[in-house]
Amino acid sequence: MSPAGARDRKFNATTHGAQSQPGGEEVVAHLSAILGGARGVGDTDLECPPGLAALQLAVCEARLDRAQAHYLSVLPQERDAECDHMMEHVEDVLYFSGAGAELEREATRRLRGLDRLSHDTVARRKRLAGRYLREAQAERGRALEAYLEFL
Amino acid sequence: MALSEIRRPTGALSDPSRFLLDDECAEDYGRLRDLYVADLAPANALERRQVELILRCDLDIERQYRMIQQKLTHEAHIKSRPRQIIDDFRAYTEMDGDGDGDDVSDGAGYGGAGPAGQGASPPAPEPKLNTPDIARAYTINRAMIDIHQRELNHTHRRRRHEIELLFKMQDRRRRPTVHDAEIIEVG
């Protein structure tokens, strides 16, 4: 697999990780809090409607935590490392090829394009992370309201 | 999920560092959480979680304002990266003497900032900002500022919703303690 492919796969994993089914431990931690401790979990029948609603809420809480952590990991990003790396290549070519108005114009054009791409890539990531967070929040709100009906 | 599969929770619930940026302090978060708990008086884990989500909304609102401010002020004097590279290259070719720029055997300009960083004087203090600087910074960073602005509006809405949910839970909890109204016969 090419380095670019490996990077894409890593990014996909991060993206999907923010939306994937949360781990059992996280869900159990939330379920325990919802039902009032580990004892409450043991005493509750998770197959009856209130138990299922509590379980659904716990899953949504864990998803919300994940989405929020992902959102915060994306928020400080300003530039895309891959685009910056390509800009360094253009810079290298500029230094190796020497001065010349034509070359400088071409380099400027490409550098500006890459700079725009770098900003656009990060902006897209931020928008996506924001969307994941909003979806997780809405889902959690619905699950909470459903659970409250049984209290 | 079978009950036998449920293990004891590992306390992964409230690790605040997961929800903070590097420049935000977990201790401050803990202190704020205590204040919110004292103020909103949650009675159970569900309400405590709701208080924590309200706190996260407030922190996010502050965070978005901070990021917008950063874009408008601190980055007003920073050159764009393409501009920086071209300026460094011009400085390099001018220092090169003949201006043809083909003498790269010493590697001075290779792959980096060129000679600009060599023997550089200490950084000058940031000049005072004026309106054109801020307007310029806004033009350059408009796309990013729009994203933060949108997130800010969304977080304000979310905060109102979380508060509404908390009050709903508290009302529901208090309902059994409220006596039914008595009908008093008049006359």
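**Exercise 1. In chain A, in which helix is confidence lowest, and in which is it highest?**

*Solution.* The model is predicted; local features need pLDDT of at least 70, side-chain atom pairs count only at pLDDT 80 or more, and totals for chains, interfaces and linings use all residues. Residues are numbered from 1 along each chain as its sequence is written, while chains are lettered from A and ligands numbered from 1 in the order in which they are written.

Step 1. The quantity to consult is pLDDT, the predictor's confidence in each residue, from 0 to 100.
Step 2. Confidence in chain A is lowest in helix H1 (residues 3–19), at a mean of 61, and highest in H4(A), at 92.
Step 3. For chain A the mean pLDDT is 84, and 84% of its residues reach 70 or more.

**Exercise 2. Describe the secondary structure of chain A.**

*Solution.* Step 1. Elements are DSSP runs numbered from the N terminus: helices are H or I with at least four residues, strands are E with at least two.
Step 2. Chain A has six helices and zero strands, which gives the pattern α-α-α-α-α-α along the sequence.

**Exercise 3. Determine how H5(A) and H6(A) are arranged.**

*Solution.* Step 1. Axes are lines fitted to C-alpha atoms, for helices over the stretch in contact, and angles run from 0 to 180 degrees between N-to-C directions.
Step 2. Helix H5 (residues 81–97) of chain A packs against H6(A) at an angle of about 170°, with the axes 9 Å apart.
Step 3. H5(A) is therefore roughly antiparallel to H6(A), a term for angles over 145 degrees.
Step 4. Residues making the contact include A:Met87 and A:Val90 of H5(A) and A:Leu114 and A:Leu117 of H6(A); two residues are in contact if their C-beta atoms, placed from the backbone, lie within 7 Å.

**Exercise 4. Classify A:Leu117 as buried, partly exposed or exposed.**

*Solution.* Step 1. A residue is buried if 20 or more other C-beta atoms, placed from the backbone, lie within 10 Å of its own, exposed if 12 or fewer, and partly exposed in between.
Step 2. A:Leu117 is found in helix H6 (residues 101–148) of chain A.
Step 3. Because A:Leu117 has 15 C-beta neighbours inside 10 Å, it counts as partly exposed.
Step 4. A:Asp80 is 37 residues from A:Leu117 in sequence, and their C-alpha atoms are 8.3 Å apart.
Step 5. Across chain A, 36% of the 151 residues count as buried.

Conventions. Angles under 35 degrees count as roughly parallel, over 145 as roughly antiparallel, 65 to 115 as roughly perpendicular and the rest as oblique.
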